[in-house]
Amino acid sequence: MVKETIQVFARVKPLGRRQQAGSYSVDNEEPLPSLEITVPRDLADGFINNKRESYKFKFQKIFDQEAKQDVIFDSIAKPVAECVLAGYNGTIFAYGQTGSGKTFTITGGAERYSDRGIIPRTLSYIFDQLQKDSSKVYTTHVSYLEIYNECGYDLLDPRHEASKMEDLPKVTIMEDSDQNIHLKNLSLQQATNEEEALNLLFLGDTNRMIAETPMNQASSRSHCIFTIHISSKEPGSATIRRSKLHLVDLAGSERVAKSGIGGHLLTEAKYINLSLHYLEQVIIALAEKNRSHIPYRNSMMTSVLRDSLGGNCMTTMIAMLAMDKRNIDESISTCRFAQRVALIKNEAVLNEEIDPRLVRTLKKEIQDLKDELALVTGKRRTSELSQEELLQLDELIEAFLKDNDPDSSLDVGADMRKIKYCFIYMKVFFLNGDQSKKLLSEDISEEKNSNEELEKLKGLLQQRDNEISILCGEKRGKMSLGCQEAFEIFKQDHADSITIEDNKQLLKKRFDEAKCLGEKLNEVRNKIILARIYLCSDICWKICNTLSSSHISYKAVYSRFKGLKVEIEHLQLLMEKVKMKVQKDFEVWWSEEAKKFQETEKLTYSLEFTSMLSYFRTPPSSSTSIPLTGDSQADADILAFIKARQNILQKKATISECLGHTWLCNLHSIFFYP
Ligand SMILES: Nc1ncnc2c1ncn2[C@@H]1O[C@H](COP(=O)(O)OP(=O)(O)OP(=O)(O)O)[C@@H](O)[C@H]1O
């Protein structure tokens, strides 16, 4: 998109031999070239008037009297023609009083080839360029419209041989719903080369009605718009670029009073003035900021030039100036008009559209296929799925997504609308995945925390386990077998054995509870994961409910699980403590017992005691095979010991089940595989 102000140039017409030059100067060196017109004080009326003496106007460039047609074309028309060839719309219009050289500039002089104006030069340039470019297929048409007394006439209709203007087909303006202007009855004549286009220009010019005015015998009192339409298309592409170039020769802008006309010509002059007046109103409105209504519709001229003024077009104006003394006032008003036009901004856009022929072909093909489909299925499909069909489809997709069977399939039949809907559903599903992840970020961090906690506990338990193993292993390793057996018996009789038993029972209960909670936790977590998968679908409000209740449940179970773990750890420490105490007490007792033996029986007894202990390693088949000492007291002790041992052995299995590392293993399995 190109947004720029209308380019405004000035061209000064050469003075005639008898014409008295007005005072003006041209400065093309300034950053923005200027034209200064000096008006001498007129004292002829006998009083001093308030007229300003000097007027300065800025232009894009000022072409003085000696400027040739080729320079005008190169500087003004060529850049616009290039834009038109690139696909933008363009307009060049000449504005000025009658006889200021508008027709000479736009169409050219009739005498010399070198006097060719912008239209023939542009046609020549465009066809030259089109010939050079073989990458696209170009089509060119021309139209020639004359607007006279607010009526449009087609100057190029070959069916009419015009002897007077009324013979020409009348062109009317039509406006579509998008406010685009269409000119009804204006023929578009194809021109495949420069020659054909020039012939059409000649035809139009000869059809042009010429009437005489006192100011200029050969001038036109009508507005003329010669338009070159170009469309281009790359072979194989469905896109067509369309652009048009309006070359506008406006009617004379002089004031009616000055022209000294009357009757029929006065009516014409009024129309001309009125349409130029409306043109000026449009220009003023466009130059004003924040002006919403632009009065394009007031005249045919402004309606046709709607796009060229404040619309989608690269527009250029040439202010035509006659600088002889008699016409200097008109030149000043032309310059003033030009200054306003220079403020207008246009937005030119590339005019691309899909080839309408292709659209027509495709439409027909679609209709044929629809008919064929209706014939095969017996149903005529609409482009949209009904509400009922959509609901059925939702249910199908929902069931498909919920189905854990990897081989399950989604069958919606050979209906592209349904297949497309499924794709859209899946896309939404996929895209909302991130969102659902965000929504569930809390859960994820919670899960992460719980996992980290489990890892910590796992490590802690492992550490404790190792410590206990080392402690127990060290102690047991140091103990003789007899001592170990005695320890087992001692433990059972120890006062804390009840505490151990109680804690053991409690731990078992907690393990079971923790195991149960672990399973529940897994279940809730699975529910959350499943709900997360379905979250993005239209049926997600149901899932959201499930999800939020699962959240609550998960949190409750998780906090109970955490509490249990603390309790279990605490119990574990208690057990450890009691075990240590029992161990210590046993050591004290054992050393005291050993001392007692040493004191009473001395070394001999010690040897017998050792042999007795070695006996304990191999259980006796009967009490009769027990090797006795012969000493009644010692033998009685030995027999009592044996009896006590047998009692102990009976209970041993239960104790080892309760103590030892079994519970630790249980705890591990619960914590690590909840
Ligand atoms: N730059 C120029 N060099 C030579 N002759 C010129 C130049 N400009 C205009 N003329 C001559 O001046 C006369 C009037 O010019 P032209 O018809 O182009 O004026 P106009 O503005 O179109 O008038 P109207 O509004 O009546 O159509 C013509 O004879 C034309 O050849």
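Predicted model: local features only at pLDDT ≥ 70, side-chain atom pairs only at ≥ 80, totals over all residues.
**A chat about a loop and some strands**

User: Hi! Where is the place of Asn149?
Analyst: Asn149 sits in the loop between strand 8 (137-148) and strand 9 (151-154). Strands here are DSSP runs of E with at least two residues, numbered from the N terminus, while helices are runs of H or I with at least four residues.

User: Why does Asn149 count as partly exposed?
Analyst: Because Asn149 has 15 C-beta neighbours inside 10 Å. A residue is buried if 20 or more other C-beta atoms lie within 10 Å of its own, exposed if 12 or fewer, and partly exposed in between, with C-beta atoms placed from the backbone. Glu150 is partly exposed too, with 14 other C-beta atoms within 10 Å.

User: New topic: how many residues of strand 2 are buried?
Analyst: In strand 2 (residues 7-13), 7 of the 7 residues are buried, so the strand is largely enclosed by the rest of the structure.

User: Which residues point which way from strand 2?
Analyst: Gln7, Phe9, Arg11 and Lys13 point one way, whereas Val8, Ala10 and Val12 point the other way.

User: How many bridges join strand 2 to strand 15?
Analyst: There are 7 bridges to strand 15 (residues 314-322), and the two run parallel. Two strands pair if DSSP finds at least two bridges between them. Ala10 stands opposite Ala319 in strand 15.

User: How many bridges does strand 2 have with strand 6?
Analyst: Strand 2 pairs with strand 6 (residues 61-63) over 3 bridges, in the parallel sense. Phe9 has Lys61 of strand 6 as its bridge partner.

User: Last one: which residues does Thr38 touch?
Analyst: Leaving out residues up to four places away in sequence, Thr38 touches Ser23, Tyr24, Glu53 and Ser54. Contact means that two C-beta atoms, placed from the backbone, lie within 7 Å. Thr38 lies in strand 4 (residues 34-38), and its C-alpha atom is 7.7 Å from that of Gly22, 16 residues apart along the chain.

Note on methods. Residues numbered from 1 in each chain as written.
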